[in-house]
Amino acid sequence: MSDSLNQPIRLRRLRASAGIRAMLSETVVEPRHLIQPLFVTEGEQAEPIASLTGISRIPLAQLAAKCAELQLLGVHGVALFPKIDPKRKTAEGAEALNPNNLALRAIREVKTKCPGIVLFADIALDPYTTHGHDGILNEAGTDVDNDRTVAALVKMALFTAQAGADFVAPSDMMDGRVGAIRTALDASGHTGTGILAYSAKYASAFYGPFRDAVGSARKPGEAAISKASYQMNPANRREALREAALDAAEGADLLMVKPAGAYLDIIRDLRESTDRPLAAYQVSGEYAQLQAAAEKGWLDLRSARDESLLAIRRAGADVILTYFAEAYARDYARRT
Ligand code: PBG
(Lines give C-alpha, C1' and ligand atoms only; values in the text may rest on other atoms or scores of the structure.)
Protein backbone atom coordinates (compact mmCIF):
# COMPACT_ATOMS: atom_id res chain seq x y z
CA MET A 1 0.00 0.00 0.00
CA SER A 2 1.36 3.40 -0.94
CA ASP A 3 1.43 6.29 1.46
CA SER A 4 0.02 8.61 -1.21
CA LEU A 5 -3.25 10.38 -0.59
CA ASN A 6 -5.83 10.19 -3.33
CA GLN A 7 -5.38 13.91 -3.92
CA PRO A 8 -5.66 14.98 -7.56
CA ILE A 9 -5.59 18.69 -6.81
CA ARG A 10 -2.33 19.73 -5.24
CA LEU A 11 -1.78 23.46 -4.99
CA ARG A 12 1.84 22.95 -4.05
CA ARG A 13 2.50 22.19 -7.75
CA LEU A 14 1.91 25.90 -8.35
CA ARG A 15 4.49 26.87 -5.73
CA ALA A 16 7.14 24.32 -6.60
CA SER A 17 9.87 26.54 -8.05
CA ALA A 18 10.95 30.14 -8.01
CA GLY A 19 10.05 30.35 -11.70
CA ILE A 20 6.48 29.16 -11.20
CA ARG A 21 6.01 31.41 -8.19
CA ALA A 22 7.27 34.46 -10.08
CA MET A 23 5.14 33.66 -13.11
CA LEU A 24 1.92 33.30 -11.10
CA SER A 25 2.43 36.11 -8.63
CA GLU A 26 -0.83 38.11 -8.61
CA THR A 27 0.38 41.35 -7.06
CA VAL A 28 3.40 43.51 -7.78
CA VAL A 29 4.93 46.48 -6.03
CA GLU A 30 7.04 48.60 -8.31
CA PRO A 31 8.68 51.93 -7.51
CA ARG A 32 6.05 53.62 -9.71
CA HIS A 33 3.40 52.57 -7.18
CA LEU A 34 5.12 54.50 -4.38
CA ILE A 35 5.05 58.12 -3.25
CA GLN A 36 7.77 59.35 -0.89
CA PRO A 37 6.69 61.73 1.89
CA LEU A 38 9.40 64.38 2.35
CA PHE A 39 9.85 66.71 5.30
CA VAL A 40 11.41 70.07 4.59
CA THR A 41 13.22 72.31 7.08
CA GLU A 42 14.37 75.95 7.14
CA GLY A 43 17.69 74.67 8.48
CA GLU A 44 20.82 74.32 6.37
CA GLN A 45 21.59 70.78 7.48
CA ALA A 46 19.57 67.59 7.15
CA GLU A 47 17.91 66.87 10.51
CA PRO A 48 17.51 63.15 11.29
CA ILE A 49 14.16 62.31 12.92
CA ALA A 50 14.79 60.00 15.87
CA SER A 51 11.46 58.19 15.64
CA LEU A 52 11.78 57.66 11.85
CA THR A 53 15.00 55.74 11.32
CA GLY A 54 16.64 56.71 8.05
CA ILE A 55 14.41 59.75 7.43
CA SER A 56 15.60 63.33 7.83
CA ARG A 57 14.07 66.72 7.38
CA ILE A 58 15.63 68.03 4.19
CA PRO A 59 16.95 71.59 3.76
CA LEU A 60 15.18 73.53 1.03
CA ALA A 61 18.35 73.72 -1.04
CA GLN A 62 18.64 69.91 -1.21
CA LEU A 63 15.03 69.15 -1.96
CA ALA A 64 15.11 69.25 -5.76
CA ALA A 65 18.16 66.97 -5.87
CA LYS A 66 16.33 64.46 -3.68
CA CYS A 67 13.35 64.57 -6.04
CA ALA A 68 15.58 64.03 -9.07
CA GLU A 69 17.19 61.05 -7.35
CA LEU A 70 13.77 59.54 -6.60
CA GLN A 71 12.70 60.03 -10.20
CA LEU A 72 15.78 58.18 -11.43
CA LEU A 73 14.82 55.33 -9.12
CA GLY A 74 11.35 55.22 -10.68
CA VAL A 75 9.50 56.88 -7.79
CA HIS A 76 7.42 59.54 -9.54
CA GLY A 77 5.69 61.18 -6.62
CA VAL A 78 6.53 63.06 -3.45
CA ALA A 79 4.30 64.38 -0.66
CA LEU A 80 5.74 67.51 0.95
CA PHE A 81 5.38 68.44 4.61
CA PRO A 82 7.03 71.52 6.16
CA LYS A 83 8.54 71.76 9.65
CA ILE A 84 7.58 75.27 10.63
CA ASP A 85 9.67 77.34 13.02
CA PRO A 86 7.72 77.31 16.34
CA LYS A 87 8.09 81.12 16.48
CA ARG A 88 5.90 81.34 13.37
CA LYS A 89 3.04 79.31 14.83
CA THR A 90 -0.16 80.93 16.06
CA ALA A 91 -3.53 79.65 17.27
CA GLU A 92 -5.03 80.30 13.82
CA GLY A 93 -2.06 79.08 11.80
CA ALA A 94 -1.75 82.31 9.79
CA GLU A 95 1.68 81.29 8.51
CA ALA A 96 -0.12 78.80 6.25
CA LEU A 97 -1.34 81.82 4.29
CA ASN A 98 2.00 83.61 4.10
CA PRO A 99 2.76 83.56 0.35
CA ASN A 100 6.43 83.11 1.09
CA ASN A 101 6.19 80.36 3.70
CA LEU A 102 8.46 77.33 3.69
CA ALA A 103 5.96 74.97 2.05
CA LEU A 104 5.28 77.33 -0.86
CA ARG A 105 8.97 78.07 -1.36
CA ALA A 106 9.61 74.32 -1.35
CA ILE A 107 6.95 73.71 -4.00
CA ARG A 108 8.36 76.45 -6.25
CA GLU A 109 11.89 75.14 -5.76
CA VAL A 110 10.94 71.56 -6.66
CA LYS A 111 8.75 72.43 -9.63
CA THR A 112 11.39 74.78 -11.06
CA LYS A 113 14.35 72.42 -10.70
CA CYS A 114 12.67 69.03 -11.00
CA PRO A 115 9.46 69.74 -12.92
CA GLY A 116 8.72 66.12 -13.79
CA ILE A 117 8.22 64.92 -10.23
CA VAL A 118 4.54 64.64 -9.29
CA LEU A 119 4.11 66.88 -6.29
CA PHE A 120 1.37 66.30 -3.69
CA ALA A 121 1.10 69.26 -1.31
CA ASP A 122 -0.47 68.86 2.11
CA ILE A 123 -3.47 71.05 2.89
CA ALA A 124 -4.05 71.25 6.65
CA LEU A 125 -3.17 73.70 9.39
CA ASP A 126 -1.45 71.42 11.93
CA PRO A 127 2.16 72.32 11.02
CA TYR A 128 1.21 75.98 11.60
CA THR A 129 -0.96 75.95 14.75
CA THR A 130 0.39 76.22 18.30
CA HIS A 131 -2.15 73.63 19.50
CA GLY A 132 -1.38 71.12 16.73
CA HIS A 133 -4.96 70.75 15.51
CA ASP A 134 -5.63 70.64 11.78
CA GLY A 135 -7.81 73.73 11.87
CA ILE A 136 -8.98 76.86 13.66
CA LEU A 137 -10.63 76.37 17.04
CA ASN A 138 -14.09 77.69 17.93
CA GLU A 139 -14.49 80.62 20.34
CA ALA A 140 -14.61 78.36 23.38
CA GLY A 141 -11.47 76.55 22.21
CA THR A 142 -13.23 73.23 22.60
CA ASP A 143 -13.32 72.00 19.01
CA VAL A 144 -12.17 72.75 15.49
CA ASP A 145 -14.53 75.14 13.67
CA ASN A 146 -15.35 73.38 10.41
CA ASP A 147 -16.40 76.26 8.18
CA ARG A 148 -13.78 78.78 9.28
CA THR A 149 -11.17 76.09 8.74
CA VAL A 150 -12.47 75.29 5.26
CA ALA A 151 -12.25 78.98 4.35
CA ALA A 152 -8.57 78.98 5.39
CA LEU A 153 -7.87 75.69 3.59
CA VAL A 154 -9.38 77.06 0.37
CA LYS A 155 -6.96 80.02 0.48
CA MET A 156 -4.10 77.68 1.30
CA ALA A 157 -5.02 75.47 -1.67
CA LEU A 158 -5.04 78.49 -4.02
CA PHE A 159 -1.54 79.53 -2.92
CA THR A 160 -0.43 75.94 -3.29
CA ALA A 161 -1.81 75.59 -6.81
CA GLN A 162 -0.29 78.93 -7.73
CA ALA A 163 3.11 77.69 -6.51
CA GLY A 164 2.87 74.78 -8.93
CA ALA A 165 1.77 71.71 -6.97
CA ASP A 166 0.31 69.00 -9.21
CA PHE A 167 -2.13 67.89 -6.51
CA VAL A 168 -3.41 69.49 -3.35
CA ALA A 169 -3.98 66.91 -0.64
CA PRO A 170 -6.41 67.99 2.08
CA SER A 171 -5.55 65.86 5.13
CA ASP A 172 -7.77 67.68 7.58
CA MET A 173 -11.12 65.80 7.45
CA MET A 174 -13.32 68.93 7.54
CA ASP A 175 -16.73 68.48 5.94
CA GLY A 176 -17.11 70.05 2.52
CA ARG A 177 -13.49 70.98 1.96
CA VAL A 178 -13.02 69.04 -1.27
CA GLY A 179 -15.95 70.73 -2.97
CA ALA A 180 -14.96 74.16 -1.69
CA ILE A 181 -11.38 73.69 -2.88
CA ARG A 182 -12.44 72.36 -6.31
CA THR A 183 -14.79 75.29 -6.85
CA ALA A 184 -12.15 77.84 -5.87
CA LEU A 185 -9.43 76.21 -7.97
CA ASP A 186 -11.68 76.18 -11.02
CA ALA A 187 -12.85 79.74 -10.49
CA SER A 188 -9.24 80.93 -10.41
CA GLY A 189 -8.18 79.05 -13.53
CA HIS A 190 -6.42 76.16 -11.76
CA THR A 191 -8.51 73.57 -13.54
CA GLY A 192 -5.44 71.38 -14.01
CA THR A 193 -4.58 71.10 -10.33
CA GLY A 194 -5.81 67.79 -8.93
CA ILE A 195 -7.14 66.82 -5.53
CA LEU A 196 -5.93 63.82 -3.57
CA ALA A 197 -8.51 63.55 -0.80
CA TYR A 198 -7.64 61.96 2.50
CA SER A 199 -11.13 60.46 2.45
CA ALA A 200 -10.99 57.83 5.16
CA LYS A 201 -8.50 59.22 7.62
CA TYR A 202 -8.80 57.64 11.02
CA ALA A 203 -8.05 59.15 14.45
CA SER A 204 -5.11 56.79 14.77
CA ALA A 205 -2.40 56.24 17.35
CA PHE A 206 0.01 55.52 14.50
CA TYR A 207 0.78 59.17 13.65
CA GLY A 208 3.22 59.81 16.52
CA PRO A 209 6.52 59.96 14.64
CA PHE A 210 5.00 62.25 11.97
CA ARG A 211 4.05 64.73 14.68
CA ASP A 212 7.69 64.68 15.83
CA ALA A 213 8.78 65.26 12.24
CA VAL A 214 6.61 68.35 11.68
CA GLY A 215 6.95 69.53 15.27
CA SER A 216 3.25 69.28 16.14
CA ALA A 217 3.78 66.70 18.91
CA ARG A 218 2.84 67.74 22.44
CA LYS A 219 5.72 68.39 24.80
CA PRO A 220 6.15 66.10 27.81
CA GLY A 221 3.62 67.19 30.42
CA GLU A 222 1.23 68.71 27.88
CA ALA A 223 -2.09 66.94 27.45
CA ALA A 224 -2.29 64.75 24.34
CA ILE A 225 -4.64 66.15 21.73
CA SER A 226 -7.49 64.15 20.33
CA LYS A 227 -8.57 64.63 16.74
CA ALA A 228 -11.56 62.35 17.22
CA SER A 229 -14.14 65.06 16.45
CA TYR A 230 -12.90 65.29 12.86
CA GLN A 231 -10.84 62.18 12.03
CA MET A 232 -12.76 58.90 11.75
CA ASN A 233 -13.47 56.42 14.50
CA PRO A 234 -11.26 53.33 13.94
CA ALA A 235 -14.34 51.19 14.66
CA ASN A 236 -16.16 52.36 11.55
CA ARG A 237 -16.31 50.79 8.12
CA ARG A 238 -19.55 51.94 6.48
CA GLU A 239 -18.72 55.54 7.33
CA ALA A 240 -15.58 55.29 5.19
CA LEU A 241 -17.76 54.55 2.17
CA ARG A 242 -19.84 57.66 2.89
CA GLU A 243 -16.71 59.81 3.23
CA ALA A 244 -15.30 58.45 -0.02
CA ALA A 245 -18.58 58.89 -1.91
CA LEU A 246 -18.82 62.51 -0.75
CA ASP A 247 -15.23 63.31 -1.71
CA ALA A 248 -15.74 61.72 -5.12
CA ALA A 249 -18.97 63.67 -5.65
CA GLU A 250 -17.20 66.88 -4.59
CA GLY A 251 -14.55 66.31 -7.26
CA ALA A 252 -11.65 64.43 -5.70
CA ASP A 253 -9.41 62.90 -8.37
CA LEU A 254 -7.83 60.31 -6.07
CA LEU A 255 -9.16 58.96 -2.79
CA MET A 256 -7.01 57.83 0.11
CA VAL A 257 -7.23 55.55 3.11
CA LYS A 258 -5.00 56.25 6.10
CA PRO A 259 -3.40 54.46 7.91
CA ALA A 260 -2.98 51.49 5.57
CA GLY A 261 -1.79 48.33 7.31
CA ALA A 262 -4.50 48.13 9.98
CA TYR A 263 -7.17 49.28 7.50
CA LEU A 264 -6.79 46.82 4.62
CA ASP A 265 -10.51 46.01 4.81
CA ILE A 266 -11.29 49.69 4.20
CA ILE A 267 -8.94 49.79 1.21
CA ARG A 268 -10.73 46.76 -0.21
CA ASP A 269 -14.18 48.26 0.48
CA LEU A 270 -13.27 51.48 -1.32
CA ARG A 271 -11.63 49.59 -4.18
CA GLU A 272 -14.90 47.77 -4.76
CA SER A 273 -17.11 50.83 -4.44
CA THR A 274 -15.32 53.48 -6.49
CA ASP A 275 -13.74 53.73 -9.90
CA ARG A 276 -11.38 56.50 -8.76
CA PRO A 277 -7.72 55.68 -8.32
CA LEU A 278 -7.05 54.74 -4.74
CA ALA A 279 -4.12 55.68 -2.55
CA ALA A 280 -3.19 54.35 0.88
CA TYR A 281 -0.83 55.97 3.39
CA GLN A 282 1.49 53.63 5.25
CA VAL A 283 1.95 56.08 8.09
CA SER A 284 4.88 56.95 10.28
CA GLY A 285 3.92 54.58 13.11
CA GLU A 286 3.66 51.65 10.71
CA TYR A 287 7.15 52.42 9.42
CA ALA A 288 8.53 52.99 12.91
CA GLN A 289 7.27 49.71 14.30
CA LEU A 290 8.96 47.70 11.55
CA GLN A 291 12.17 49.70 11.97
CA ALA A 292 12.15 49.26 15.75
CA ALA A 293 11.60 45.51 15.59
CA ALA A 294 14.33 45.20 12.95
CA GLU A 295 16.72 47.27 15.08
CA LYS A 296 16.17 44.76 17.88
CA GLY A 297 16.87 41.93 15.46
CA TRP A 298 13.34 40.63 15.79
CA LEU A 299 12.25 41.07 12.16
CA ASP A 300 14.05 41.07 8.86
CA LEU A 301 13.47 44.64 7.71
CA ARG A 302 13.46 44.11 3.94
CA SER A 303 11.14 41.13 3.90
CA ALA A 304 8.75 42.63 6.46
CA ARG A 305 8.77 45.90 4.51
CA ASP A 306 8.11 44.20 1.19
CA GLU A 307 5.31 42.09 2.65
CA SER A 308 3.66 45.13 4.25
CA LEU A 309 3.65 46.97 0.91
CA LEU A 310 2.47 43.92 -1.01
CA ALA A 311 -0.49 43.55 1.37
CA ILE A 312 -1.55 47.15 0.80
CA ARG A 313 -1.41 46.72 -2.98
CA ARG A 314 -3.21 43.36 -2.72
CA ALA A 315 -5.99 45.03 -0.71
CA GLY A 316 -6.54 47.32 -3.70
CA ALA A 317 -4.38 50.42 -3.43
CA ASP A 318 -3.05 51.79 -6.71
CA VAL A 319 -0.44 53.93 -5.01
CA ILE A 320 1.11 53.91 -1.54
CA LEU A 321 2.54 56.84 0.36
CA THR A 322 5.36 55.23 2.33
CA TYR A 323 8.55 56.28 4.08
CA PHE A 324 10.05 53.13 2.55
CA ALA A 325 9.67 54.39 -1.04
CA GLU A 326 13.29 55.36 -1.64
CA ALA A 327 14.81 52.32 0.09
CA TYR A 328 12.38 50.00 -1.67
CA ALA A 329 13.25 51.52 -5.04
CA ARG A 330 16.99 51.20 -4.38
CA ASP A 331 16.61 47.50 -3.58
CA TYR A 332 14.32 47.09 -6.58
CA ALA A 333 16.95 48.59 -8.88
CA ARG A 334 19.53 46.17 -7.48
CA ARG A 335 17.26 43.16 -8.02
CA THR A 336 16.20 43.96 -11.58
C1 PBG B 1 -2.09 66.01 9.69
C2 PBG B 1 -1.37 64.84 9.17
C3 PBG B 1 -0.96 63.75 9.94
C4 PBG B 1 -0.31 62.87 9.09
C5 PBG B 1 -0.33 63.42 7.81
N6 PBG B 1 -1.00 64.64 7.86
C7 PBG B 1 -1.04 63.54 11.40
C8 PBG B 1 -2.26 63.87 12.10
O9 PBG B 1 -3.37 63.74 11.58
O10 PBG B 1 -2.12 64.26 13.26
C11 PBG B 1 0.29 61.58 9.54
C12 PBG B 1 1.19 60.89 8.61
C13 PBG B 1 2.04 59.87 9.26
O14 PBG B 1 1.86 59.50 10.43
O15 PBG B 1 2.94 59.40 8.56
N16 PBG B 1 -2.71 66.80 8.76
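**Helices, salt bridges and loops**

Tutor: Helix H3 (residues 102-113) and helix H4 (residues 146-163) pack with their axes 8 Å apart and at an angle of about 25°. That angle makes H3 roughly parallel to H4. Please keep in mind throughout that this is a predicted model.

Student: In which hand does H3 pass H4?

Tutor: Two packed helices are described by the angle between their axes and the distance between the axes. For H3 and H4 those values are about 25° and 8 Å, and the crossing in which H3 passes H4 is right-handed.

Student: How are H7 and H8 oriented to each other, roughly parallel or oblique?

Tutor: The axes of helix H7 (residues 238-249) and helix H8 (residues 264-273) come within 10 Å and cross at roughly 45°, and their crossing is right-handed. Angles under 35 degrees count as roughly parallel. With a crossing of roughly 45°, H7 and H8 are therefore oblique to each other.

Student: Which residue forms a salt bridge with Glu109, and is that partner buried or exposed?

Tutor: Glu109 lies in helix H3 together with a residue 4 positions away, about one turn of the helix, and that residue is Lys113. The closest N and O atoms of the salt bridge between Glu109 and Lys113 are 2.7 Å apart.

Student: How far apart in the helix are Glu272 and Arg268?

Tutor: Glu272 forms a salt bridge with Arg268, in which the closest N and O atoms are 3.4 Å apart. Glu272 is exposed, its relative accessible area being 60%, while Arg268, at 31% relative accessibility, counts as partly exposed. Both residues are in helix H8, and their separation is 4 residues, or about one helical turn.

Student: Is Glu95, which forms a salt bridge with Arg88, buried or exposed?

Tutor: In this salt bridge the closest N and O atoms of Glu95 and Arg88 are 3.5 Å apart. Arg88 counts as partly exposed at 42% relative accessibility. A residue is called buried under 20% relative accessible area, and Glu95, at 9% relative accessibility, is therefore buried.

Student: How many salt bridges does the structure hold, and which residues are linked in a network of them?

Tutor: The total for the structure is 26 salt bridges. A network of salt bridges links Arg302, Arg305, Asp306, Asp331, Arg334 and Arg335.

Student: Where is Ala304 placed, and how far is it in space from Gln291, C-alpha to C-alpha?

Tutor: Ala304 has its place in helix H10 (residues 301-315), and with a relative accessible area of 17% Ala304 is buried. Along the sequence Ala304 and Gln291 are 13 residues apart, and their C-alpha to C-alpha distance in space is 9.6 Å.

Student: What is the distance in space between Phe159 and Ile58, C-alpha to C-alpha?

Tutor: Phe159 is found in helix H4, where Phe159 counts as partly exposed at 30% relative accessibility. Phe159 and Ile58 are 101 residues apart in sequence, and from C-alpha to C-alpha they are 22 Å apart.

Student: Which residues form the nonpolar patch on the surface, and is Met23 buried or exposed?

Tutor: Met23 has its place in helix H1 (residues 18-24), and since exposed means over 50% relative accessible area, Met23 counts as exposed at 68% relative accessibility. The surface patch has about 560 Å² of accessible area together, and its nonpolar residues are Ile9, Leu11, Leu14, Met23 and Leu24.

Student: What is the phi of Met173, and where does this residue lie?

Tutor: Met173 is placed in the loop between strand E6 (167-170) and helix H5 (177-187). Met173 is buried, with a relative accessible area of 5%. Although Met173 is not a glycine, its phi is positive, at about 70°.

Student: What is the omega of the peptide bond from Lys258 to Pro259?

Tutor: Pro259 has its place in the loop between strand E8 (254-258) and H8. The peptide bond from Lys258 to Pro259 is cis, and its omega is near -10°.

Terms used. Residues numbered from 1 in each chain as written. Predicted model: local features only at pLDDT ≥ 70, side-chain atom pairs only at ≥ 80, totals over all residues. Heavy atoms only, no water. Patch = residues over 30% accessible without salt bridge, like charges linked within 9 Å, V, L, I, M, F, W, Y side chains within 5 Å. Areas by Shrake-Rupley, 256 points an atom, 1.4 Å probe, with all protein chains shown as cover. Salt bridge = Lys/Arg side-chain N within 4 Å of Asp/Glu carboxyl O. Helix = DSSP H or I, 4+ residues; strand = E, 2+ residues; numbered from the N terminus. Buried < 20%, exposed > 50% of the residue type's maximum accessible area, 1.4 Å probe, protein only. Axes fitted to C-alpha atoms, helices over the stretch in contact; angles between N-to-C directions. Parallel < 35°, antiparallel > 145°, perpendicular 65-115°, else oblique. Left-handed = near helix turned anticlockwise from the far one by under 90°.
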